[in-house]
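Here's a quick look at one model, taken a helix pair and a couple of residues at a time. Have the structure open while you read.

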Amino acid sequence: MIIGGPGSGKSTLARSLGDISGLPVVHLDRLFLQPGWTNIGTEAMSRLALEEAVKPRWILDGNYSATWGFRVQKADLLVFLDLPRTLRMLRIRWRLWQYRGRPRPDLKPGLPERFDPEFWDFARSWDGTKRDQALNLIKDCHARGRPKCVILRSRRAVTWFVQEFKRSV
């Protein structure tokens, strides 16, 4: 289970780990977002996330914190990409430029990349409440003794983690 702020590299890491392990990768944004950048609604989002989490093997990338509690119970590993906001915002800018007018690989057709001021504000403010929620989730996992949790706070740490993952598979 991979969580982290917008632009932290959740989808990129999920694809890398999927390529290494052969596990199916599920991008929650691909499930939730519809053409025109609308979402399927809270109830449907929860249902789909839970349907994916009960499958026997997966790499789930995406936040949707309403289902963290259930998903983390089904996960063997929780990876929190806790990269600095400045880096994440630069990555979002790069993504806007790189995919302008066309969908990213982790999204379905009909979702061309575009600047969204509301998303930009959300990304900038993620380090407040949402980051604290992620850290509390990890604290709860440690208290329960599962799943294993990894917090990666730099690009170097992510690279190291991918190399270690390769060695362990």
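Predicted model: local features only at pLDDT ≥ 70, side-chain atom pairs only at ≥ 80, totals over all residues.

Start with α1 (residues 10–21) and α8 (residues 155–168), whose axes come within 10 Å of each other and cross at roughly 15 degrees. Angles under 35 degrees count as roughly parallel, so α1 runs roughly parallel to α8. The crossing of α1 past α8 is right-handed. On the α1 side, the contact is built from Leu13, Leu17, Ile20 and Ser21, while α8 brings in Val158, Phe161, Val162, Phe165 and Lys166. Sorted by class, that contact has seven nonpolar residues, one polar and one charged.

Gln163 also sits in helix α8. Between Gln163 and Ile20 there are 143 residues of sequence separation, yet their C-alpha atoms are 9.9 Å apart in space.

**Asp82 in its loop**

Now hop over to Asp82, which lies in the loop between β6 (77–81) and α5 (85–99). What does the side chain of Asp82 make a polar contact with? The partner is the side chain of Arg153, at 2.9 Å. Setting aside neighbours within four places in sequence, Asp82 touches Arg131, Ile151, Leu152 and Arg153.

Here's how the two residues come out on accessibility:

| Residue | Relative accessible area | Class |
|---|---|---|
| Asp82 | 7% | buried |
| Gln163 | 33% | partly exposed |

Asp82 counts as buried because its 7% relative accessibility falls under the 20% cut-off.

Terms used: Residues numbered from 1 in each chain as written. Heavy atoms only, no water. Axes fitted to C-alpha atoms, helices over the stretch in contact; angles between N-to-C directions. Helix = DSSP H or I, 4+ residues; strand = E, 2+ residues; numbered from the N terminus. Parallel < 35°, antiparallel > 145°, perpendicular 65-115°, else oblique. Left-handed = near helix turned anticlockwise from the far one by under 90°. Contact = heavy atoms within 4.5 Å. Nonpolar A, V, L, I, M, F, W, Y, C, P; charged D, E, K, R; others polar. Buried < 20%, exposed > 50% of the residue type's maximum accessible area, 1.4 Å probe, protein only. Polar contact = N/O pair within 3.5 Å; in protein donor to acceptor, adjacent residues only side chain to side chain.
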